[in-house]
Amino acid sequence: MCGTDFHIFAGKHPFLHYPRIMGHELGGEIVALGEGTSLRVGQQVAINPYLACGHCVACRRGKPNACVNIRVLGVHVDGGMCEFLAVPQTAVIDAEGLSPAQAAMVEFLAVGAHAAARAPKGGDHLLVVGAGPIGVATALFAKLDGRRPLLVDRLAARVAFVRDRLGLDGVVADDRLDQSLADHTNGDMFDVVVDATGSLEAMRRSLSFVAHGGALVLVGVAQGELSFEDPEFHKREATLIASRNALAEDFSRVIEAIKSGAIPTDVLHTHSIAADELPLRLPELIRNADTILKVVASF
């Protein structure tokens, strides 16, 4: 389950129109195959939910994650909250050696790995705004890249979680946040700020955390227009970068990192639920989203 699923259920996702079967963070077992494939029945797999057209300008440039005609399972077309799902072979990723729950977590981790890869290299300070699943995944892969990420969140419980359970640095977004971030960087602020909140207000504020000459990477997506004060943006000669979905190499990196133990999926997997309980339990999960990192639903 993804925070995006919660937004979809609430009717707040900008790329989706009902009716739609949700579900894009998917792992499973192959039960049937078409002809001409090297896959096998019984194989544990993860699913790349980004179905690209293969011929648009983005696809031709090696960016199928930003395909002009993209169809994301569970968003643009029906997804995986069902017992059986048919997908193209190109969407199937070998996840042998992973548990079913780990396979289901590959996609959100790949989004974080992609965001970490999109962050310009160089500089000592990287800030991730939002300690939800995508923010945490981004920080974990930034740390694996040798960077020193700091997470900020308005919820003290989330900050405590990333500190105590994941060994990541974090600060609470309170009235002293600007001063705390300045103190952390000796007044320079951050070479890279990654905003993973999905909040337009937070995205706007994140610009103030960017060092002069730095970059702002937007991972979260929200309905509406995003604007900045031009003098604040211009005086920094800031770089604005979007990070959308993930690439095949991001999925591969995640699977290897899980297998090596570099990504603690047992800590990230905070809640489990039976799929047939979802219609009744989803409103409850949404209400308690601030205390949940990753819910895995099993069919």
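Strand β6 (residues 126-129) and strand β9 (residues 190-195) run parallel and are joined by four bridges; strands here are DSSP runs of E with at least two residues, helices are runs of H or I with at least four, and both are numbered from the N terminus. Two strands count as paired if DSSP finds at least two bridges between them. V128 has V194 as its bridge partner in β9. The model is a predicted one, in which local features need pLDDT of at least 70 and side-chain atom pairs count only at pLDDT 80 or more, while totals for chains, interfaces and linings use all residues. Residues are numbered from 1 along each chain as its sequence is written, and side-chain values use heavy atoms, with hydrogens and water left out.

The pair β6 and β9 belongs to an open sheet of six strands with parallel pairing, in the order β8-β7-β6-β9-β10-β11. At its edges stand β8 (169-172) and β11 (239-242), each pairing on one side only. From one strand to the next, the twist averages 20°, with angles running from 0 to 180 degrees between the N-to-C directions of axes fitted to C-alpha atoms, for helices over the stretch in contact.

An open sheet of three strands, β1-β2-β5, shows antiparallel pairing. Its edge strands, β1 (27-29) and β5 (92-94), have a single partner strand each, so one side of each is left without a neighbour in the sheet. Here the twist averages 40° from one strand to the next. Strand β2 (residues 44-47) runs antiparallel to β1 and is joined to it by three bridges, with G28 opposite V45. Helix α3 (residues 100-118) packs on this sheet, touching β1 and β2, and its direction makes about 20° with that of β2; contact means heavy atoms within 4.5 Å.

Where do charged side chains tie distant parts of the chain together? R40, in the loop between β1 and β2, and E96, in the loop between β5 and α3, are 56 residues apart. Their closest N and O atoms lie 2.0 Å apart in a salt bridge, defined as a side-chain nitrogen of Lys or Arg within 4 Å of a carboxyl oxygen of Asp or Glu. The structure holds twelve salt bridges.
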